[in-house]
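Please open the model in a viewer and keep a selection tool at hand.

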Amino acid sequence: MIVPDRRESVDSRGSLDGNSAGSFALTVSGVSKAFGATKALSDVSLTVRVGEIRALLGENGAGKSTLIKILTGLVDSDSGVLSTAGDSSSGVVAVHQELTLVPTLSVEENLALRKLPRRGIFIDKGAMRSRAVVALQQVELDVDPSLPLERLGLAERQLVEIARALQEQPSVLLLDEPTSSLNSSEARMLFRFVRGLAASGTAVLFVSHRLDEVYDLCQSATVLRDGRVIGDVELADTNPEALTRMMIGDRLLQETLEPPVAAGQHVRAGEPVLRCQALSGEGFTGVSIDVWPGEVVGVMGLVGAGQSAFARALGGLQRTYVGDLHIGSAAVQSNSPARSIAAGIAYVPSDRALEGLCLDLSTGTNAILPSLQSTSRLGLVERSKTRHWAEAIIREFDVRPPEPSKRVGDLSGGNQQKVVLGKWMATQPTVTVLDDPTRGVDVGAKLAIHDAIRSRAGQGGAVILVSSDVTELLSLADRIVIFRGGTMCGALTRDTWSHEHLLDALTQGDPADD
Amino acid sequence: MALLILLVVAALAVDRFATLSNAMAILRAGSFTGIVAVGMTLVIIRGYYADLSVPAVIAVGALTSLAMMPAIGVLPAVAVALLVSTLIGLLNGVIIAVASGNPIIVTLGTQILLSGVIVAITQGAFVYGTSETFADIGSAKVLGVPTPILAFLVVAGIGQAWLSLTTSGRFFIAAGANQRAATAMGLPTRRLGMVAMAVCGLTAGFAGVVLAAFTDQANVAIGSGYEFSAIAAVAVGGTSLFGGAGSIWRTVVGVVFVATIDNVLVLLGLPFEARLLATGIVIIVAVVFDALLRRSTR
């Protein structure tokens, strides 16, 4: 399935049994990169042998994406050297998690888009077709090359993307979270293909945070944390628990296993503050849950299982059809954000750039917007009060740099998220709904956000925390509810969990599989 | 900055430029565009790109006030003209909000439709003034300042105060900067859009009334070209055409800048076509200059 001459060249090196120190397809040594005052990578070194499948592991914000950008030449490193084997090859070619193909163009056009074959001023359709046929054979994909790409399934599109990458004859194929949009059988198909690719001599760097996949596919792993290489291991010599410890660090692991007293010790007192009975809406059905003041309810589920839709509906951003939602004793007909907010629900969206912030406006303006009514009289903004309020939010949430006039889009992801959180916490919402609040933020910001959630609960606010990060849920939640297929299908409380359960859940990614 | 340079250079290089009467001439020439540009600035900051129905609304304001005056008197006629203009703007806003229409296309539609209505009613003929009071106000001076300039400054002052001092003014900017984030925050983004369009209708209608008082006559074409000169003034002033940033003061600077250039070219005795050419070039240069300046400071 791979071009024959590649196979021969690899065979002649005789380095396919994996254990022998074969020739290196990629050598990275001492790479550092800083963005302003933020050090994204410091002294990172890693190697990938010919025919090896190596995992690149790390939490969000560990520096994976910066390293990928340096490897693929999108960003220059400040210092360090990287070299790839082979003369005619084009180094590291990445296949990204967000597909970069044009859905409305045909498969063959997508494959040829970077270098469309031409005859005179016209596209050479014959050449384009024959190239596409070869490329598709390479990935064993049997589709009509003239079909528009959007008619293909996601897994097939992923293969088209890989076919396009392979056309460039890379010495290293970099797969960046390739399974994030695939179901398990599609993922298995992809893995079978990647193994074959490696067996015939292509080096593969597999970026993922799912340890089960990593153990399934890879021989070795490089673990990044806070921009440094924390571990460089053969998977046969280690276990998932040790890998997890490397990825998340002792402090977070500690927090997870022995949460601060505030979490997990919640005593239900009085009436629930949020009561949800058989609530159905766009993307979820029949959700019933009560939340007490001061309680943190974790919500988890796979992508599209309905947990985000439920959270959005609480925030008034998605429609509800039937069922009851009560905040305190008041029924909420929540079909607009304004109504939800008036009822005391603050919704912190998962995409801060799209729905959380006005990126072009200043940090101070963003922090103050939801509270502006409270700092004005008769519709007139009281300037000094507003400024003090903004400064207080910035101080309390340790936003860096602590300058209200700084354009918020120029802040790091973690600090942007602190602003989003800060602006809502300042309104002291009765119920705070957060959708994946620590996605793509560094460890420092993550801990700060966790502290903010605990302090909100400590002040008697109810918190509903949707997260794809199991570690986070285990460390913060008083109980965790699971969503599957658009509805709530179970709840786990902290006292029913032993440490073994926790670690199982950490490494397997879905405690509901027990 | 660019305005200061322009004023200094013009004062040094052009005879008869640096006089009080010439300054008044510049401001008066810019005042009609300026009144419209205040409403246009709100529309653009809100993220609605532009209101292209301005020429027709100006004509509605001018024709309504002139035509109604004999029957109901000066003030009621002006009030009716302003009300009708505001309602047209509001209608634009409602269509845009309810149908999620593109503001440029929606207002282009209203512009064409209204022109048709006006021609059907007036047959393209001029309507002349009938009230001496009205014409006197239009050509009067207060402390040496012509009334159109005063009207412009008052409108600009109100607009700037609204934008910078009130909560709703800040919400305009937030809604224009990121509509989805503003909606998620519970801000009434659609209503803000309707208000911006209604105010733009109001300012266009008011510009029509002031024009009618000044010239004491009007026809369907009285407002033509003002939509683009207003947009140009907003852009030259440095308000982002993508919304979410800007101020009325910037627009005032833009208005004066464009009016000054035209004034200088007139004083230099250039023919009309050369003035058009030069004004176009200067607008483009000013906007490019501004973009470069902002890129270097970011």
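Select A:Pro401 in the loop between helix H13 (383–396) and helix H14 (413–425) of chain A; helices here are DSSP runs of H or I with at least four residues, strands are runs of E with at least two, and both are numbered from the N terminus. The peptide bond that leads from A:Arg400 into A:Pro401 is cis, its omega lying near -5°. In the loop between H13 and H14 of chain A, select also A:Asp398. A:Asp398 is a residue other than glycine with a positive phi, near 55°. Buried denotes a relative accessible area under 20%, exposed one over 50%, and partly exposed the range in between, with a 1.4 Å probe and protein chains only. As background, most peptide bonds are trans, and most residues other than glycine have a negative phi.

This is a predicted model, in which local features need pLDDT of at least 70 and side-chain atom pairs count only at pLDDT 80 or more, whereas totals for chains, interfaces and linings use all residues. Residues are numbered from 1 along each chain as its sequence is written, chains are lettered from A and ligands numbered from 1 in the order in which they are written, and side-chain values use heavy atoms, with hydrogens and water left out.

Next, select A:Glu177, in the loop between strand E8 (172–176) and helix H6 (184–199) of chain A. Phi of A:Glu177 is also positive, near 45°, in a residue other than glycine. Is A:Glu177 buried or exposed? A:Glu177 is buried, with a relative accessible area of 12%.

Move to A:Thr222 in strand E10 (residues 220–225) of chain A. The relative accessible area of A:Thr222 is 0%, and the residue is buried. Which residues does A:Thr222 touch, apart from those up to four places away in sequence? They are A:Leu46, A:Arg54, A:Ala55, A:Leu56, A:Leu57, A:Val229, A:Gly231 and A:Asp232; a contact requires heavy atoms within 4.5 Å.

Now display the whole of chain A, with its 17 helices and 23 strands. Of its 514 residues, 51% are buried. Among contacts in chain A with a separation of 6 or more, 68% are between residues 24 or more positions apart. Its accessible surface is about 22,400 Å², 50% of it from carbon and sulfur atoms, as given by the Shrake-Rupley method with a 1.4 Å probe, where for residues only the protein chains shown count as cover.

Switch to chain B, which has 13 helices and four strands. Here 52% of the 298 residues are buried, and carbon and sulfur atoms contribute 73% of an accessible surface of about 13,200 Å². Among contacts in chain B between residues at least 6 apart in sequence, 78% join residues at least 24 apart.

Select helix H10 (residues 189–215) of chain B. H10(B) has 27 residues and spans 39 Å from its first C-alpha to its last, close to the expected 39 Å, a value given by 1.5 Å times one less than the number of residues. Of these 27 residues, 19 are buried, and the helix is mostly covered. B:Asp216, which follows H10(B), has a positive phi near 60°.

The contact includes B:Phe32 and B:Ile35 of H2(B) and B:Cys200 and B:Phe206 of H10(B). Its residues divide into 16 nonpolar, two polar and one charged.Axes are lines fitted to C-alpha atoms, for helices over the stretch in contact, and angles run from 0 to 180 degrees between N-to-C directions. Ala, Val, Leu, Ile, Met, Phe, Trp, Tyr, Cys and Pro count as nonpolar, Asp, Glu, Lys and Arg as charged, and the others, Gly among them, as polar.

Finally, select helix H6 (residues 132–139) of chain B, whose axis crosses that of H10(B) at roughly 100° and comes within 7 Å of it. H6(B) and H10(B) are therefore roughly perpendicular. B:Phe134, B:Ala135 and B:Gly138 of H6(B) meet B:Val209, B:Ala212, B:Ala213 and B:Phe214 of H10(B).

Conventions: Angles under 35 degrees count as roughly parallel, over 145 as roughly antiparallel, 65 to 115 as roughly perpendicular and the rest as oblique.
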